[in-house]
Amino acid sequence: MPDYVVALDQGTTSSRAIVFDHAGRIVSVGQKEHEQILPRAGWVEHDPLEIWRNVQEVIGIALSKADITRHDVAAIGITNQRETTVVWDRATGLPVYNAIVWQDTRTQSIVERLAKDGGTDRFKDAVGLPLSTYFAGTKIVWILENVDGAREKAERGELMFGTTDTWVLWNLTGGTDGGVHATDVTNASRTMFMGLESLAWDDNILAAFGVPRSMLPDIRSSSEVYGKAESSSLLREVPIAGILGDQQAATFGQAAFDKGEAKNTYGTGNFLLFNTGEDIVRSKNGLLTTLGFKLGDGPAHYALEGSIAVTGSLIQWLRDNLGIISSAPAVEKLARQVDDNGGAYFVPAFSGLFAPYWRSDARGALVGLTRFVNKSHIARAALEATAFQTREVLDAVNADSGVPLAELKVDGGMVANDLLMQIQADILGVPVIRPVVAETTALGAAYAAGLAVGFWADLDELRANWQEDRRWERAIAPAEAERQIRNWKKAVTKTFDWVDDDVV
(Lines give C-alpha, C1' and ligand atoms only; values in the text may rest on other atoms or scores of the structure.)
Protein backbone atom coordinates (compact mmCIF):
# COMPACT_ATOMS: atom_id res chain seq x y z
CA MET A 1 0.00 0.00 0.00
CA PRO A 2 1.37 3.48 -0.87
CA ASP A 3 2.19 5.81 2.02
CA TYR A 4 0.02 8.85 1.31
CA VAL A 5 -3.45 10.17 0.41
CA VAL A 6 -3.98 13.43 -1.49
CA ALA A 7 -6.94 15.69 -0.72
CA LEU A 8 -8.10 18.25 -3.27
CA ASP A 9 -9.79 21.11 -1.44
CA GLN A 10 -11.59 23.33 -3.95
CA GLY A 11 -12.60 26.23 -1.75
CA THR A 12 -14.25 29.62 -2.11
CA THR A 13 -11.03 31.63 -2.34
CA SER A 14 -8.45 29.04 -3.37
CA SER A 15 -7.77 25.49 -4.48
CA ARG A 16 -5.39 23.30 -2.53
CA ALA A 17 -3.80 19.90 -2.76
CA ILE A 18 -2.70 18.49 0.59
CA VAL A 19 -0.68 15.32 1.08
CA PHE A 20 -1.50 13.39 4.28
CA ASP A 21 0.33 10.47 5.85
CA HIS A 22 -1.19 7.53 7.69
CA ALA A 23 -1.27 9.43 10.99
CA GLY A 24 -3.38 12.16 9.38
CA ARG A 25 -0.50 14.62 9.44
CA ILE A 26 0.11 17.17 6.70
CA VAL A 27 3.17 16.33 4.60
CA SER A 28 2.90 19.12 2.02
CA VAL A 29 0.49 21.71 0.64
CA GLY A 30 0.02 23.29 -2.77
CA GLN A 31 -2.32 26.28 -2.84
CA LYS A 32 -3.39 28.88 -5.39
CA GLU A 33 -6.06 31.57 -5.09
CA HIS A 34 -8.55 32.27 -7.87
CA GLU A 35 -10.19 35.53 -8.83
CA GLN A 36 -13.33 36.70 -7.05
CA ILE A 37 -15.48 38.11 -9.86
CA LEU A 38 -17.99 40.72 -8.63
CA PRO A 39 -19.95 42.04 -11.64
CA ARG A 40 -22.61 43.79 -9.55
CA ALA A 41 -23.56 44.25 -5.92
CA GLY A 42 -24.70 40.88 -4.61
CA TRP A 43 -23.19 38.93 -7.53
CA VAL A 44 -20.22 36.62 -6.85
CA GLU A 45 -18.67 34.47 -9.57
CA HIS A 46 -15.64 32.27 -10.25
CA ASP A 47 -14.08 31.14 -13.52
CA PRO A 48 -14.42 27.32 -13.62
CA LEU A 49 -11.58 27.00 -16.14
CA GLU A 50 -9.26 28.97 -13.83
CA ILE A 51 -10.28 26.68 -10.97
CA TRP A 52 -9.47 23.56 -13.01
CA ARG A 53 -6.08 24.97 -14.09
CA ASN A 54 -5.29 25.80 -10.48
CA VAL A 55 -6.28 22.32 -9.29
CA GLN A 56 -3.83 20.78 -11.74
CA GLU A 57 -1.10 23.20 -10.69
CA VAL A 58 -1.49 22.68 -6.94
CA ILE A 59 -1.29 18.90 -7.42
CA GLY A 60 2.15 19.40 -8.94
CA ILE A 61 3.21 21.78 -6.16
CA ALA A 62 2.13 19.40 -3.39
CA LEU A 63 3.79 16.35 -4.97
CA SER A 64 6.99 18.30 -5.58
CA LYS A 65 7.17 19.63 -2.01
CA ALA A 66 6.62 16.13 -0.62
CA ASP A 67 9.15 14.69 -3.13
CA ILE A 68 6.73 11.94 -4.11
CA THR A 69 5.06 10.68 -7.30
CA ARG A 70 1.71 9.14 -8.12
CA HIS A 71 3.09 5.75 -7.15
CA ASP A 72 3.25 6.91 -3.53
CA VAL A 73 -0.43 7.95 -3.44
CA ALA A 74 -3.11 5.43 -2.45
CA ALA A 75 -6.18 7.57 -3.22
CA ILE A 76 -7.52 11.03 -3.93
CA GLY A 77 -10.28 12.71 -1.94
CA ILE A 78 -12.21 15.79 -3.07
CA THR A 79 -13.86 18.45 -0.93
CA ASN A 80 -15.43 21.64 -2.18
CA GLN A 81 -17.37 24.87 -1.73
CA ARG A 82 -20.72 23.20 -1.76
CA GLU A 83 -23.49 25.20 -3.42
CA THR A 84 -21.34 26.98 -6.02
CA THR A 85 -22.86 26.08 -9.38
CA VAL A 86 -21.18 25.20 -12.67
CA VAL A 87 -23.07 24.45 -15.90
CA TRP A 88 -21.05 23.28 -18.89
CA ASP A 89 -21.41 21.88 -22.38
CA ARG A 90 -21.31 18.10 -22.48
CA ALA A 91 -19.51 18.00 -25.87
CA THR A 92 -16.96 20.80 -25.49
CA GLY A 93 -16.42 20.78 -21.73
CA LEU A 94 -16.68 24.57 -21.68
CA PRO A 95 -18.77 26.38 -19.06
CA VAL A 96 -21.74 28.27 -20.48
CA TYR A 97 -21.33 30.89 -17.73
CA ASN A 98 -19.06 31.60 -14.79
CA ALA A 99 -19.61 29.55 -11.64
CA ILE A 100 -22.24 31.26 -9.48
CA VAL A 101 -20.90 31.22 -5.92
CA TRP A 102 -22.87 30.17 -2.85
CA GLN A 103 -22.70 33.76 -1.51
CA ASP A 104 -24.41 35.18 -4.62
CA THR A 105 -27.85 36.75 -4.06
CA ARG A 106 -29.01 37.45 -7.64
CA THR A 107 -31.66 34.72 -7.57
CA GLN A 108 -33.91 36.39 -5.00
CA SER A 109 -36.66 36.98 -7.57
CA ILE A 110 -36.58 33.27 -8.46
CA VAL A 111 -36.88 32.42 -4.75
CA GLU A 112 -39.90 34.70 -4.43
CA ARG A 113 -41.51 33.23 -7.55
CA LEU A 114 -41.14 29.67 -6.24
CA ALA A 115 -42.30 30.70 -2.76
CA LYS A 116 -45.64 32.06 -4.02
CA ASP A 117 -47.03 28.54 -3.83
CA GLY A 118 -46.23 27.33 -0.31
CA GLY A 119 -43.79 29.88 1.09
CA THR A 120 -40.05 29.55 1.58
CA ASP A 121 -40.53 26.22 3.38
CA ARG A 122 -42.36 24.78 0.37
CA PHE A 123 -39.85 21.94 -0.15
CA LYS A 124 -38.27 21.83 3.32
CA ASP A 125 -39.88 18.58 4.50
CA ALA A 126 -38.54 16.77 1.45
CA VAL A 127 -35.04 18.27 1.18
CA GLY A 128 -34.34 19.87 4.58
CA LEU A 129 -33.73 23.34 3.11
CA PRO A 130 -35.75 26.54 2.81
CA LEU A 131 -35.97 28.33 -0.51
CA SER A 132 -32.95 30.63 -0.55
CA THR A 133 -30.45 32.20 -2.90
CA TYR A 134 -27.83 30.14 -1.03
CA PHE A 135 -28.53 26.77 -2.64
CA ALA A 136 -27.62 25.53 -6.11
CA GLY A 137 -31.14 25.00 -7.46
CA THR A 138 -32.05 28.63 -8.10
CA LYS A 139 -28.58 29.29 -9.55
CA ILE A 140 -29.19 26.63 -12.21
CA VAL A 141 -32.55 28.23 -13.01
CA TRP A 142 -30.90 31.65 -13.39
CA ILE A 143 -28.39 30.27 -15.91
CA LEU A 144 -31.11 28.51 -17.90
CA GLU A 145 -33.19 31.68 -18.00
CA ASN A 146 -30.44 34.24 -18.64
CA VAL A 147 -27.75 32.62 -20.80
CA ASP A 148 -28.59 32.64 -24.50
CA GLY A 149 -29.47 29.17 -25.73
CA ALA A 150 -28.94 27.48 -22.37
CA ARG A 151 -32.55 26.39 -21.89
CA GLU A 152 -32.73 24.83 -25.36
CA LYS A 153 -29.40 23.03 -24.95
CA ALA A 154 -30.43 21.73 -21.53
CA GLU A 155 -33.70 20.39 -22.91
CA ARG A 156 -31.71 18.56 -25.61
CA GLY A 157 -29.48 16.96 -22.95
CA GLU A 158 -26.41 18.93 -24.02
CA LEU A 159 -25.63 20.63 -20.70
CA MET A 160 -24.24 19.25 -17.44
CA PHE A 161 -24.50 20.68 -13.94
CA GLY A 162 -22.26 20.16 -10.98
CA THR A 163 -21.03 21.75 -7.82
CA THR A 164 -17.25 22.15 -7.94
CA ASP A 165 -16.58 18.62 -6.68
CA THR A 166 -18.37 17.32 -9.77
CA TRP A 167 -16.53 19.77 -12.04
CA VAL A 168 -13.14 18.64 -10.67
CA LEU A 169 -14.07 14.93 -10.74
CA TRP A 170 -15.35 15.12 -14.33
CA ASN A 171 -12.22 16.87 -15.57
CA LEU A 172 -9.84 14.73 -13.51
CA THR A 173 -11.33 11.52 -14.90
CA GLY A 174 -11.14 12.58 -18.54
CA GLY A 175 -13.69 15.35 -19.14
CA THR A 176 -15.16 15.01 -22.63
CA ASP A 177 -13.25 11.74 -23.01
CA GLY A 178 -15.26 9.63 -20.55
CA GLY A 179 -15.23 11.85 -17.49
CA VAL A 180 -17.28 10.62 -14.54
CA HIS A 181 -20.33 12.84 -13.91
CA ALA A 182 -21.10 12.21 -10.24
CA THR A 183 -21.43 13.82 -6.84
CA ASP A 184 -21.89 12.52 -3.31
CA VAL A 185 -24.91 12.70 -1.04
CA THR A 186 -23.58 15.64 0.98
CA ASN A 187 -23.24 17.89 -2.07
CA ALA A 188 -26.46 16.61 -3.63
CA SER A 189 -28.25 17.60 -0.41
CA ARG A 190 -27.32 21.27 -1.08
CA THR A 191 -29.10 21.57 -4.42
CA MET A 192 -32.72 21.52 -3.14
CA PHE A 193 -33.32 18.57 -5.49
CA MET A 194 -32.36 15.48 -3.43
CA GLY A 195 -34.86 13.80 -1.12
CA LEU A 196 -33.49 13.33 2.39
CA GLU A 197 -34.97 9.87 2.70
CA SER A 198 -34.64 8.59 -0.87
CA LEU A 199 -31.15 10.02 -1.51
CA ALA A 200 -32.36 10.45 -5.10
CA TRP A 201 -33.30 13.39 -7.30
CA ASP A 202 -36.93 14.42 -6.76
CA ASP A 203 -38.70 14.67 -10.12
CA ASN A 204 -41.56 16.76 -8.72
CA ILE A 205 -39.18 19.40 -7.38
CA LEU A 206 -37.15 19.39 -10.61
CA ALA A 207 -40.38 20.02 -12.51
CA ALA A 208 -41.30 22.92 -10.21
CA PHE A 209 -37.88 24.50 -10.84
CA GLY A 210 -37.91 23.63 -14.54
CA VAL A 211 -34.53 21.87 -14.45
CA PRO A 212 -34.04 18.86 -16.77
CA ARG A 213 -32.92 15.75 -14.89
CA SER A 214 -30.41 15.00 -17.68
CA MET A 215 -28.22 17.87 -16.39
CA LEU A 216 -27.70 16.30 -12.99
CA PRO A 217 -24.83 14.05 -11.88
CA ASP A 218 -25.22 10.56 -10.45
CA ILE A 219 -25.58 10.57 -6.65
CA ARG A 220 -23.02 8.32 -4.96
CA SER A 221 -21.82 7.68 -1.43
CA SER A 222 -19.09 9.79 0.18
CA SER A 223 -16.55 6.96 0.24
CA GLU A 224 -16.16 4.72 -2.81
CA VAL A 225 -14.05 4.56 -5.95
CA TYR A 226 -15.67 6.83 -8.55
CA GLY A 227 -12.95 6.45 -11.16
CA LYS A 228 -9.24 7.00 -11.73
CA ALA A 229 -7.29 10.10 -12.67
CA GLU A 230 -6.82 10.22 -16.44
CA SER A 231 -3.56 9.75 -18.30
CA SER A 232 -2.41 13.38 -18.53
CA SER A 233 -2.67 13.99 -14.77
CA LEU A 234 0.34 13.82 -12.47
CA LEU A 235 -1.85 11.46 -10.41
CA ARG A 236 -2.82 9.24 -13.37
CA GLU A 237 -4.32 5.89 -12.47
CA VAL A 238 -4.76 6.91 -8.80
CA PRO A 239 -8.35 6.18 -7.68
CA ILE A 240 -10.60 9.10 -6.72
CA ALA A 241 -12.35 7.52 -3.76
CA GLY A 242 -13.87 10.18 -1.51
CA ILE A 243 -16.11 13.23 -1.93
CA LEU A 244 -17.54 15.37 0.86
CA GLY A 245 -18.86 18.93 0.83
CA ASP A 246 -16.45 21.13 2.75
CA GLN A 247 -18.41 21.40 5.99
CA GLN A 248 -19.23 17.71 6.12
CA ALA A 249 -15.59 17.00 5.35
CA ALA A 250 -14.49 19.15 8.28
CA THR A 251 -16.89 17.28 10.56
CA PHE A 252 -15.46 13.98 9.32
CA GLY A 253 -11.93 15.27 9.78
CA GLN A 254 -12.77 16.20 13.38
CA ALA A 255 -13.74 12.54 13.92
CA ALA A 256 -17.26 13.68 14.87
CA PHE A 257 -18.73 10.41 13.57
CA ASP A 258 -21.28 9.79 16.31
CA LYS A 259 -24.69 11.19 17.13
CA GLY A 260 -24.42 14.26 19.37
CA GLU A 261 -20.94 15.30 18.23
CA ALA A 262 -20.37 18.65 16.55
CA LYS A 263 -17.81 20.99 15.05
CA ASN A 264 -17.64 24.62 13.90
CA THR A 265 -15.54 25.65 10.91
CA TYR A 266 -14.23 29.21 10.72
CA GLY A 267 -13.56 30.03 7.08
CA THR A 268 -15.01 32.43 4.52
CA GLY A 269 -18.23 31.80 6.42
CA ASN A 270 -18.89 29.75 9.55
CA PHE A 271 -20.65 26.42 9.55
CA LEU A 272 -21.66 24.48 12.64
CA LEU A 273 -22.66 20.86 12.05
CA PHE A 274 -24.30 18.70 14.71
CA ASN A 275 -24.38 14.96 13.98
CA THR A 276 -27.87 13.46 14.40
CA GLY A 277 -26.79 9.95 13.39
CA GLU A 278 -29.23 8.00 11.23
CA ASP A 279 -32.11 10.22 12.42
CA ILE A 280 -33.50 13.00 10.23
CA VAL A 281 -34.16 15.93 12.59
CA ARG A 282 -36.20 18.73 11.07
CA SER A 283 -35.30 22.04 12.64
CA LYS A 284 -37.84 24.33 14.26
CA ASN A 285 -35.20 26.99 14.91
CA GLY A 286 -33.81 28.08 11.56
CA LEU A 287 -31.25 25.33 10.99
CA LEU A 288 -30.81 23.16 7.91
CA THR A 289 -31.27 19.40 7.82
CA THR A 290 -28.49 17.98 5.69
CA LEU A 291 -26.52 14.82 4.93
CA GLY A 292 -23.51 14.25 7.14
CA PHE A 293 -21.89 11.36 5.29
CA LYS A 294 -22.54 7.95 3.77
CA LEU A 295 -19.75 5.39 3.62
CA GLY A 296 -20.13 2.97 0.73
CA ASP A 297 -23.18 0.75 1.18
CA GLY A 298 -23.58 1.84 4.81
CA PRO A 299 -26.50 3.92 6.11
CA ALA A 300 -26.76 7.66 5.57
CA HIS A 301 -25.84 9.83 8.54
CA TYR A 302 -27.56 13.19 8.92
CA ALA A 303 -26.78 16.52 10.57
CA LEU A 304 -28.27 19.82 11.64
CA GLU A 305 -26.36 22.75 10.22
CA GLY A 306 -26.13 26.38 11.13
CA SER A 307 -24.77 28.29 8.13
CA ILE A 308 -23.28 31.77 8.58
CA ALA A 309 -22.46 33.60 5.35
CA VAL A 310 -19.77 36.06 6.42
CA THR A 311 -17.04 35.58 9.02
CA GLY A 312 -13.52 35.23 7.57
CA SER A 313 -14.61 37.21 4.51
CA LEU A 314 -15.38 40.12 6.85
CA ILE A 315 -11.71 40.20 7.84
CA GLN A 316 -10.77 40.14 4.15
CA TRP A 317 -13.17 43.07 3.67
CA LEU A 318 -11.37 45.05 6.38
CA ARG A 319 -8.12 44.35 4.52
CA ASP A 320 -9.19 44.78 0.90
CA ASN A 321 -12.04 47.31 1.02
CA LEU A 322 -11.15 49.48 4.02
CA GLY A 323 -7.39 48.92 4.19
CA ILE A 324 -7.26 49.09 8.00
CA ILE A 325 -5.14 45.92 8.15
CA SER A 326 -2.39 44.75 5.79
CA SER A 327 -3.09 41.04 6.19
CA ALA A 328 -5.81 38.89 7.72
CA PRO A 329 -3.66 37.78 10.71
CA ALA A 330 -3.00 41.45 11.54
CA VAL A 331 -6.59 41.85 12.74
CA GLU A 332 -5.73 40.12 16.02
CA LYS A 333 -2.95 42.57 16.87
CA LEU A 334 -5.17 45.53 16.02
CA ALA A 335 -8.12 44.19 18.06
CA ARG A 336 -5.88 43.50 21.09
CA GLN A 337 -5.15 47.22 21.40
CA VAL A 338 -8.57 47.70 23.06
CA ASP A 339 -10.31 45.83 25.87
CA ASP A 340 -13.77 45.85 24.31
CA ASN A 341 -15.71 46.99 21.24
CA GLY A 342 -16.30 50.53 22.49
CA GLY A 343 -20.03 50.01 22.04
CA ALA A 344 -19.77 49.15 18.33
CA TYR A 345 -21.44 46.06 16.83
CA PHE A 346 -20.78 44.90 13.27
CA VAL A 347 -23.45 42.75 11.57
CA PRO A 348 -21.89 41.55 8.28
CA ALA A 349 -25.06 40.76 6.35
CA PHE A 350 -23.27 41.26 3.02
CA SER A 351 -25.21 38.35 1.48
CA GLY A 352 -28.26 38.68 3.69
CA LEU A 353 -28.48 36.69 6.91
CA PHE A 354 -28.32 32.89 6.94
CA ALA A 355 -29.08 30.80 10.05
CA PRO A 356 -31.08 31.24 12.15
CA TYR A 357 -32.77 34.24 10.48
CA TRP A 358 -32.79 33.49 6.74
CA ARG A 359 -33.32 37.12 5.79
CA SER A 360 -32.18 37.77 2.24
CA ASP A 361 -33.47 41.34 2.59
CA ALA A 362 -30.82 42.17 5.19
CA ARG A 363 -27.61 44.07 4.50
CA GLY A 364 -24.57 44.81 6.64
CA ALA A 365 -24.60 47.37 9.42
CA LEU A 366 -22.07 48.87 11.82
CA VAL A 367 -24.06 50.28 14.74
CA GLY A 368 -23.47 51.88 18.13
CA LEU A 369 -20.89 54.31 16.75
CA THR A 370 -19.64 57.28 18.74
CA ARG A 371 -16.56 59.47 18.22
CA PHE A 372 -14.81 57.26 20.77
CA VAL A 373 -14.79 54.29 18.36
CA ASN A 374 -11.58 53.77 16.40
CA LYS A 375 -10.25 51.17 13.98
CA SER A 376 -9.19 48.88 16.84
CA HIS A 377 -12.76 48.79 18.12
CA ILE A 378 -13.99 48.01 14.60
CA ALA A 379 -11.45 45.18 14.30
CA ARG A 380 -12.62 43.74 17.61
CA ALA A 381 -16.27 44.13 16.60
CA ALA A 382 -15.52 42.19 13.42
CA LEU A 383 -14.07 39.30 15.43
CA GLU A 384 -16.97 39.45 17.88
CA ALA A 385 -19.44 39.22 14.97
CA THR A 386 -18.12 35.72 14.29
CA ALA A 387 -18.55 34.74 17.94
CA PHE A 388 -22.05 36.22 18.25
CA GLN A 389 -23.30 34.56 15.08
CA THR A 390 -21.94 31.22 16.29
CA ARG A 391 -23.68 31.69 19.65
CA GLU A 392 -27.03 32.18 17.92
CA VAL A 393 -26.54 29.07 15.82
CA LEU A 394 -25.49 27.01 18.85
CA ASP A 395 -28.58 28.19 20.74
CA ALA A 396 -30.68 26.90 17.84
CA VAL A 397 -28.83 23.55 17.84
CA ASN A 398 -29.42 23.15 21.56
CA ALA A 399 -33.12 23.92 21.13
CA ASP A 400 -33.58 21.47 18.26
CA SER A 401 -31.55 18.64 19.75
CA GLY A 402 -32.77 19.03 23.33
CA VAL A 403 -29.25 18.21 24.54
CA PRO A 404 -27.01 21.24 25.22
CA LEU A 405 -23.61 20.89 23.57
CA ALA A 406 -20.94 20.45 26.24
CA GLU A 407 -17.95 21.55 24.15
CA LEU A 408 -17.21 22.84 20.66
CA LYS A 409 -14.50 21.49 18.38
CA VAL A 410 -13.27 24.17 16.00
CA ASP A 411 -11.26 24.25 12.79
CA GLY A 412 -10.55 26.39 9.74
CA GLY A 413 -8.22 29.28 9.06
CA MET A 414 -9.60 31.67 11.69
CA VAL A 415 -8.88 29.33 14.61
CA ALA A 416 -5.27 30.49 14.48
CA ASN A 417 -6.59 33.74 16.01
CA ASP A 418 -6.24 33.12 19.76
CA LEU A 419 -8.18 36.27 20.66
CA LEU A 420 -11.15 35.16 18.59
CA MET A 421 -11.11 31.74 20.24
CA GLN A 422 -11.14 33.35 23.69
CA ILE A 423 -14.00 35.66 22.68
CA GLN A 424 -15.85 32.61 21.37
CA ALA A 425 -15.47 30.73 24.65
CA ASP A 426 -16.58 33.85 26.56
CA ILE A 427 -19.74 34.21 24.49
CA LEU A 428 -20.62 30.49 24.40
CA GLY A 429 -19.81 29.53 27.97
CA VAL A 430 -18.53 26.10 26.88
CA PRO A 431 -14.96 24.96 26.16
CA VAL A 432 -13.68 25.70 22.65
CA ILE A 433 -11.20 23.04 21.48
CA ARG A 434 -8.71 23.33 18.62
CA PRO A 435 -7.16 20.13 17.21
CA VAL A 436 -3.49 19.68 16.30
CA VAL A 437 -4.46 19.42 12.62
CA ALA A 438 -6.73 22.40 12.02
CA GLU A 439 -7.05 21.67 8.28
CA THR A 440 -9.83 19.23 8.98
CA THR A 441 -11.74 19.92 5.76
CA ALA A 442 -9.00 18.44 3.59
CA LEU A 443 -8.33 15.77 6.20
CA GLY A 444 -11.96 14.62 6.09
CA ALA A 445 -11.81 14.19 2.32
CA ALA A 446 -8.56 12.24 2.71
CA TYR A 447 -10.16 10.03 5.36
CA ALA A 448 -13.18 9.25 3.14
CA ALA A 449 -10.90 8.31 0.23
CA GLY A 450 -8.50 6.31 2.38
CA LEU A 451 -11.30 4.29 3.96
CA ALA A 452 -12.60 3.29 0.52
CA VAL A 453 -9.26 1.78 -0.55
CA GLY A 454 -8.23 0.27 2.80
CA PHE A 455 -5.55 2.86 3.59
CA TRP A 456 -7.32 3.24 6.93
CA ALA A 457 -9.16 0.25 8.35
CA ASP A 458 -12.13 1.83 10.13
CA LEU A 459 -13.47 4.83 12.02
CA ASP A 460 -11.75 3.80 15.25
CA GLU A 461 -8.39 4.20 13.55
CA LEU A 462 -9.37 7.71 12.49
CA ARG A 463 -10.58 8.60 15.99
CA ALA A 464 -7.17 7.59 17.34
CA ASN A 465 -5.53 10.15 15.02
CA TRP A 466 -7.41 13.11 16.54
CA GLN A 467 -5.37 15.15 19.05
CA GLU A 468 -6.19 18.27 21.02
CA ASP A 469 -3.91 21.27 20.56
CA ARG A 470 -5.49 23.86 22.87
CA ARG A 471 -8.74 24.68 24.64
CA TRP A 472 -10.29 27.95 25.83
CA GLU A 473 -12.69 28.40 28.76
CA ARG A 474 -15.00 31.33 29.55
CA ALA A 475 -13.09 34.16 31.25
CA ILE A 476 -15.89 36.74 31.68
CA ALA A 477 -18.95 36.78 33.91
CA PRO A 478 -22.05 35.10 32.44
CA ALA A 479 -24.03 38.33 32.94
CA GLU A 480 -21.54 40.24 30.78
CA ALA A 481 -21.80 37.63 28.03
CA GLU A 482 -25.60 37.93 28.09
CA ARG A 483 -25.40 41.74 27.96
CA GLN A 484 -23.25 41.53 24.85
CA ILE A 485 -25.48 39.01 23.11
CA ARG A 486 -28.53 41.17 23.93
CA ASN A 487 -26.88 44.16 22.24
CA TRP A 488 -25.85 41.99 19.32
CA LYS A 489 -29.43 40.86 18.73
CA LYS A 490 -30.56 44.48 18.83
CA ALA A 491 -27.94 45.29 16.19
CA VAL A 492 -29.13 42.41 13.97
CA THR A 493 -32.63 43.91 13.80
CA LYS A 494 -31.16 47.08 12.26
CA THR A 495 -30.17 45.11 9.13
CA PHE A 496 -33.67 43.87 8.28
CA ASP A 497 -35.85 45.08 5.39
CA TRP A 498 -33.06 46.96 3.64
CA VAL A 499 -33.54 45.46 0.17
CA ASP A 500 -36.45 46.87 -1.84
CA ASP A 501 -37.29 46.17 -5.47
CA ASP A 502 -34.94 48.95 -6.54
CA VAL A 503 -32.12 48.04 -4.11
CA VAL A 504 -29.86 45.04 -4.78
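**View 1. The largest nonpolar core of the predicted model.** Among the 104 residues of the largest nonpolar core, Met192, Phe193, Phe209, Val211 and Met215 touch the most other members. A nonpolar core is a set of buried Ala, Val, Leu, Ile, Met, Phe, Trp, Tyr and Cys residues joined through side-chain atoms within 4.5 Å, where buried means under 20% relative accessible area (1.4 Å probe, protein chains only). Helix α12 gives the largest share of this core, 12 residues; helices are DSSP runs (H or I, at least four residues), numbered from the N terminus. This is a predicted model, in which local features need pLDDT of at least 70, side-chain atom pairs count only at pLDDT 80 or more, and totals for chains, interfaces and linings use all residues. Residues are numbered from 1 along each chain as its sequence is written, and side-chain values use heavy atoms, with hydrogens and water left out.

**View 2. Helix α12 against helix α16.** Helix α12 (residues 375-401) packs with helix α16 (residues 478-493) at an angle of about 90°, their axes 11 Å apart. Axes are lines fitted to C-alpha atoms, for helices over the stretch in contact, and angles run from 0 to 180 degrees between N-to-C directions. Helix α12 is therefore roughly perpendicular to α16 (65 to 115 degrees).

**View 3. Helix α2 against helix α4.** The angle between helix α2 (residues 108-115) and helix α4 (residues 136-146) is about 105°, with axes 9 Å apart. Ile110, Val111, Arg113 and Leu114 in α2 meet Thr138, Val141, Trp142 and Glu145 in α4.

Terms used
Helix = DSSP H or I, 4+ residues; strand = E, 2+ residues; numbered from the N terminus. Parallel < 35°, antiparallel > 145°, perpendicular 65-115°, else oblique. Contact = heavy atoms within 4.5 Å. Buried < 20%, exposed > 50% of the residue type's maximum accessible area, 1.4 Å probe, protein only.
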